[in-house]
Amino acid sequence: MTADTAPDTQSQTHWFLIGMRGLFSLPAIILMLSFVGFAAFTAEANIPVDQVMFMTGMVWALPAKVILVGSMLSGAHVAAAFIAVTLSSVRMMPMVAALIPEIRDRRTPTWLLLIISHFVAITAWVFAMEKVRDVPRSGRVAFFAGFGITLTVTNIILVGLVYGAVSHFPPIVSGCLFFLTPVYFLTSIWISARHRVIYWALGIGLALGYLFAVIAPEYDILLAGIIGGTVAWWAEKQLRQKEAGQ
Amino acid sequence: MSFDGVWPYIYIAIAGWLATDIWRWAGVIAGKRIDENSEMLNWVRAVATALVAAVIAKLIFFPTGVLENSPLWLRLGSILFGALFFFIGGRFRQPLGIAAAMAFLAAGLALTGV
């Protein structure tokens, strides 16, 4: 019997609390270190701390926030900033679409999914895709909400606390803080992959991410994701059908 | 732009929150229609993974801040060094791999005089 079919005797509060405990996990700690770096970045840019805390909670996607700050600093029109940020956030759609079938059950209301989708970003996505298989289906939404909401609120407070204290890190420390994010994402995706196609998509996505950043920098992430993901999916499916036919 | 008054908050709400969350809502609508064992979900998973991989590639190849001026071989060397420890690290492969990559990067940054 797997967690998927096991009867769930625990309450929703129990699973919410278990999700909250995820704050003391490696991914959450790495994300918090990244937010210390973000606080330093915004402090150097002289964005008021209450606005930094507001955007931490409201935007909840680090690359989108970096683009938003860049737009604010350059005095970009709100429509231009919207377009730049929205293009960087298209990736949220397939990420959420891949997560939803893993966590919902037949009774989960759509409005609840719409609310908790706000807390999906790369860290929470990687964490949830890895951990939800150990949670019975009826507890998964509560588990994800516990983790996602706690992580967001903690980082809003963290940014407020460290802003001002962190504007001048030694360069080696800021360099390592920055590099933690890609290294952590690589290891987590590898560990949480349950299908061969994930490894293929990771490899092809890395290569195309570099290629498109050079030849089409405005749409690089989007192109690498759609083309790379489709190629990986198609090639893996061909191999799977060939294996099945033998 | 000025950082006074309520305008920055409206700006952040429109260009930040709305610009990001409309894709999450679209993901919920799409995700509700996908069967957990379908070929469609395989494709969505592959695209989502490749998108994240592209973000990773950009952070490695085109970093901002301090690392912008660091040599590429140092960043790639750090990834490979971390991968080595990751694949031999057994149960502790994730913290070991990350620590090895960070140690390599920090040493390299110190030696190249950042």
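**Chatting through helices and a chain contact**

User: Hi! What do the buried residues of H5(A) pack against?
Analyst: Hello! In this predicted model, the buried residues of H5(A) pack against H4 and helix H12 (220-245) of chain A, together with helix H1 (7-33) of chain B.

User: Which residues of H5(A) are buried, then?
Analyst: Ala81(A), Val85(A) and Ser88(A) are the buried ones in H5(A). If you look down the axis of H5(A), its buried residues fall within an arc of 55 degrees, so they line one face of the helix.

User: Why would residues spaced along a helix point the same way?
Analyst: An α-helix has 3.6 residues a turn, so residues three or four places apart point the same way.

User: Nice. At what angle do H4 and H5 of chain A pack?
Analyst: H4(A), residues 62-74, and H5(A), residues 78-88, pack at an angle of about 160 degrees, and their axes are 9 Å apart. An angle over 145 degrees counts as roughly antiparallel, and H4(A) and H5(A) are therefore roughly antiparallel to each other. Their crossing is right-handed.

User: And which residues meet there?
Analyst: From H4(A) you have Pro63(A), Ala64(A), Ile67(A), Leu68(A) and Ser71(A), and they meet Ala80(A), Ala81(A), Ala84(A), Val85(A) and Ser88(A) in H5(A). Sorted by class, the residues of this contact of H4(A) with H5(A) are eight nonpolar, two polar and no charged.

User: New topic: how many residues does each chain put into the contact between A and B?
Analyst: Chain A gives 79 residues and chain B gives 67 residues. On the chain B side, H1, helix H2 (39-61), helix H3 (72-88) and helix H4 (93-112) each supply at least two residues. That side of chain B has 49 nonpolar, 12 polar and six charged residues.

User: Back to chain A. What is the angle between H2 and H9?
Analyst: About 35 degrees, with the axes of H2(A), residues 26-44, and H9(A), residues 140-162, 9 Å apart. The crossing of H2(A) and H9(A) is right-handed. The contact includes Leu31(A) and Phe35(A) of H2(A), and Leu151(A) and Leu158(A) of H9(A). Its residues divide into 11 nonpolar, one polar and no charged.

User: How do H3(A) and H9(A) cross?
Analyst: The axes of H3(A) and H9(A) come within 9 Å and cross at roughly 165 degrees. H3(A) and H9(A) are therefore roughly antiparallel to each other. The residues in contact include Val52(A) and Met53(A) of H3(A), with Asn155(A) and Ile156(A) of H9(A).

User: I spotted Trp60(A). Where does Trp60(A) sit?
Analyst: Trp60(A) is in the loop between helix H3 (49-59) and H4 of chain A. Most residues other than glycine have a negative phi. Trp60(A) has a positive phi of about 50 degrees although it is not a glycine.

User: Is Trp60(A) buried or exposed?
Analyst: Trp60(A) is buried, with 25 other C-beta atoms within 10 Å; the cut-off for buried is 20 or more.

User: Last one: is Asp105(A) buried or exposed?
Analyst: Asp105(A) is exposed, with 12 other C-beta atoms within 10 Å. Asp105(A) lies in the loop between helix H6 (92-103) and helix H7 (110-116) of chain A. Leaving out residues up to four places away in sequence, Asp105(A) touches Arg137(A) and Ser138(A).

Technical notes. Residues numbered from 1 in each chain as written. Chains lettered and ligands numbered in written order. Predicted model: local features only at pLDDT ≥ 70, side-chain atom pairs only at ≥ 80, totals over all residues. Axes fitted to C-alpha atoms, helices over the stretch in contact; angles between N-to-C directions. Helix = DSSP H or I, 4+ residues; strand = E, 2+ residues; numbered from the N terminus. Parallel < 35°, antiparallel > 145°, perpendicular 65-115°, else oblique. Left-handed = near helix turned anticlockwise from the far one by under 90°. Contact = placed C-beta atoms within 7 Å. Nonpolar A, V, L, I, M, F, W, Y, C, P; charged D, E, K, R; others polar. Arc of directions from axis to C-beta.
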